[in-house]
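Reader: I would like to learn how to read a model of this kind, feature by feature. Could you give me the general idea each time, and then the case at hand?

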Amino acid sequence: MADTTATPKTKVKTKTERPRLHKVILINDDYTPREFVVTVLKAEFRMTEDQAHKVMITAHRRGVCVVAVFTRDVAETKATRATDAGRAKGYPLLFTTEPEE
Ligand code: NFA
């Protein structure tokens with residue numbers, strides 16, 4: 001008689017990988033007023049005045065600054081909305097995204 005009570009020898013374990021995160025990057029330009037950049041950072045990225053000012057001044061001095069990281073869709077949506085807020089006022093303000101290493 002075959003032994004039907006034997007326990008299976010192998011287990012299937014599905015590994016779920018975390019989605020890669022994407023950085024939203026603020027690019028400096030010579031025309032967008034500092035206070036407007038701070039306003040957009042507060043509105044679109046829920047930053048405090050202090051956090052927003054630090055990010056704005058870092059981009060102003062160094063050329064770029066990472067604003068935050070999100071899943072790809074969220075990063076792209078926020079970058080587009082923030083860029084559009086500048087365009088609506090006629091400013092060349094630009095936010096881009098790139099995948100984290
Ligand atoms: N460089 C801009 C100015 O001097 C301010 C700025 C900072 C713009 C960061 C874009 C990004 N008015």
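Predicted model: local features only at pLDDT ≥ 70, side-chain atom pairs only at ≥ 80, totals over all residues.

Author: Let us begin with the polar contact, which is a pair of N or O atoms within 3.5 Å; within protein, one atom must be able to donate a hydrogen and the other to accept it, and residues adjacent in sequence count only if both atoms are side-chain atoms. In this structure, a nitrogen atom of the ligand is 2.9 Å from a polar backbone atom of T32, and a nitrogen atom of the ligand is also 2.7 Å from a polar backbone atom of D29. Residues are numbered from 1 along each chain as its sequence is written, and side-chain values use heavy atoms, with hydrogens and water left out.

Reader: Which residues are around the ligand, and which elements give two or more residues to the shell?

Author: A residue is near a molecule or strand if one of its heavy atoms lies within 4 Å of it. Around the ligand are L26, I27, N28, D29, T32, R34, V37, M56, A59 and H60. Helices (H or I, at least four residues) and strands (E, at least two) are DSSP runs, numbered from the N terminus. The elements that give two or more residues to this shell are β1 (21-27), α1 (34-45) and α2 (49-62), and the largest share, three residues, comes from α2.

Reader: How is that shell divided by class into nonpolar, polar and charged residues?

Author: Ala, Val, Leu, Ile, Met, Phe, Trp, Tyr, Cys and Pro count as nonpolar, Asp, Glu, Lys and Arg as charged, and the others, Gly among them, as polar. By that division, the shell around the ligand holds five nonpolar, three polar and two charged residues.

Reader: Is T32 buried or exposed, and with which residues is T32 in contact beyond its neighbours within four places in sequence?

Author: Buried means under 20% relative accessible area and exposed over 50%, with partly exposed in between (1.4 Å probe, protein chains only). T32 is found in the loop between β1 and α1 and, with a relative accessible area of 11%, is buried. Contact means heavy atoms within 4.5 Å, and, leaving aside neighbours within four places in sequence, T32 is in contact with V37, Y91, P92 and L93.

Reader: Where are T83 and A79 placed, and are they buried or exposed?

Author: T83 is in helix α3 (residues 72-87), and A79 is in helix α3 as well. T83 is buried, with a relative accessible area of 11%, and A79 counts as buried at 5% relative accessibility. Beyond neighbours within four places in sequence, T83 is in contact with L93, L94 and F95, while A79 is in contact with V24, F95, T96 and T97.

Reader: How should I read the phi of R46?

Author: Most residues other than glycine have a negative phi. The phi of R46 is near 50°, a positive value in a residue other than glycine. R46 lies in the loop between α1 and α2 and counts as exposed at 75% relative accessibility.

Reader: Which residues does the UniProt domain annotation cover?

Author: UniProt positions are given in the numbering used here, feature names are shortened, and annotations may be inferred rather than shown by experiment. The annotation "domain: Adaptor protein ClpS core", from an unreviewed UniProt entry, covers residues 18-96. Over residues 18-96 the chain is 53% helix and 23% strand, with the end C-alpha atoms 22 Å apart.
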